[in-house]
Amino acid sequence: MPSLFTLYRKIFFSRKPGWDKKPLPKIAIQTDNVFLSNDKVRQYANVCGFQFDEKVLPPTYLYVLAFRLHAVIFAHKAITFPLLGMIHLKNSISVLRPVKTHEILTVKCQLTSSTETDAGLEFVLESSVYVAEELVWQAHSTYLYRIESAKRRPRPPRASDMAWENIQQWRLTEDLGRHYAKASGDYNLIHLHPLLSKRFGFERVLAHGMWSKARCMAQLMQFIGERPFTVDVEFKLPVFMPSEVTFAYESLEDGKCFEMRDVKGKRPHLHGKMRYLD
């Protein structure tokens with residue numbers, strides 16, 4: 001798999017002028033014969049709160065591999081705007097069957113579409129993982145490149161009307177971003193240290209959005225087992241660290257609705273739905 005460290009050097013230190021107002025081209029990349037390391041999976045599981053049996057991957061772990069291919073696309077010469085101008089808006093993952101740590105994988109990623117909105121340029125990356133010819137895992141990530149001249153002022157997000165009961169409270173330490181980076185390979189500077197995040201306009205260090213999704217999924221795996229499922233999330237407000245957040249879920253006919261909120265349970269950081277596919 002490509003090295004995120006090498007790619008981030010290109011992404012952070014290359015000069016890109018900004019969006020050229022043209023639709024983004026369809027860009028595709030594929031990596032074959034991908035082997036997994038139980039040590040790396042265990043490290044990831046520990047950081048995100050999964051119970052790892054040394055055999056079955058946590059359902060969000062394959063995003064770690066897919067994101068390496070996302071970074072290759074971000075560094076492509078046809079992408080004329082910088083990574084630091086992008087926001088991860090939404091992420092959907094479908095687990096078609098449990099993936100085992102010993103299986104040899106093919107990972108594919110493609111930029112499928114781009115749309116100009118009031119907030120900027122939205123584009124979608126589709127990621128797929130195969131074992132031989134079998135599609136076992138798929139994800140769609142929606143990103144936004146915010147345009148300064150955009151007319152719309154986004155309203156502060158509001159918590160949903162789901163029943164906020166059986167609440168769990170999690171303490172996020174300042175070094176969580178560094179632990180997640182070591183496990184995932186995602187060394188985005190805004191997640192590593194306050195001195196680095198301040199250079200990019202943030203007063204405190206931010207948690208990785210996909211850590212937040214993984215941490216929520218770790219709480220829901222007790223209801224999923226080996227069933228195929230899809231889980232969609234929208235990232236609302238950033239999570240600064242150190243901090244405390246709260247989590248709760250509500251049962252649906254075919255799955256669960258869940259949110260991660262601030263410690264008072266009023267401001268949403270993440271909203272999601274998990275639905276069974278069988």
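**Salt bridges and core**

Tutor: Start with Asp254 and Arg275. Their side chains meet in a salt bridge, 2.7 Å from N to O. Keep in mind that the model is predicted.

Student: Where do Asp254 and Arg275 lie?

Tutor: Asp254 is in the loop between β10 (243-252) and β11 (255-262). Arg275 is in strand β12.

Student: Is Asp254 buried, partly exposed or exposed? And what about Arg275?

Tutor: Asp254 is partly exposed, at 31% relative accessible area. Arg275 is partly exposed too, with 31%.

Student: OK. How many salt bridges does the structure hold?

Tutor: Nine. One of them joins Glu54 to Arg42, with the closest N and O atoms 2.9 Å apart. That pair links distant parts of the chain. Glu54 sits in the loop between α2 (38-48) and α3, while Arg42 is in helix α2, twelve residues apart.

Student: Which residues are linked in a network with Arg42?

Tutor: Asp39 and Glu54. Salt bridges link the three residues.

Student: How accessible are Glu54 and Arg42?

Tutor: Glu54 has a relative accessible area of 33%, so it counts as partly exposed. Arg42 is at 30% and is also partly exposed.

Student: What does Arg227 pair with?

Tutor: Asp278. The closest N and O atoms of that salt bridge are 3.1 Å apart. Arg227 lies in the loop between α6 (209-224) and β8 (229-235), and Asp278 in the segment after β12 (268-276). The pair therefore ties together parts 51 residues apart in sequence.

Student: Switching topic. How many residues are in the largest nonpolar core?

Tutor: It has 76 residues. Those with the most contacts inside it are Tyr44, Phe81, Leu105, Trp137, Leu172 and Phe258.

Student: Which helix gives the most to this core?

Tutor: Helix α3, residues 61-74. It gives eleven residues.

Student: Back to Tyr44. What does it touch?

Tutor: Leave out residues up to four places away in sequence. Tyr44 then touches Phe50, Pro58, Thr60, Tyr61, Val64, Tyr180, Ala183 and Ala214.

Conventions
Residues are numbered from 1 along each chain as its sequence is written. This is a predicted model: local features need pLDDT of at least 70, side-chain atom pairs count only at pLDDT 80 or more; totals for chains, interfaces and linings use all residues. Side-chain values use heavy atoms; hydrogens and water are left out. A nonpolar core is a set of buried Ala, Val, Leu, Ile, Met, Phe, Trp, Tyr and Cys residues joined through side-chain atoms within 4.5 Å. Buried means under 20% relative accessible area, exposed over 50%, partly exposed in between (1.4 Å probe, protein chains only). Helices (H or I, at least four residues) and strands (E, at least two) are DSSP runs, numbered from the N terminus. Contact means heavy atoms within 4.5 Å. A salt bridge is a side-chain nitrogen of Lys or Arg within 4 Å of a carboxyl oxygen of Asp or Glu.
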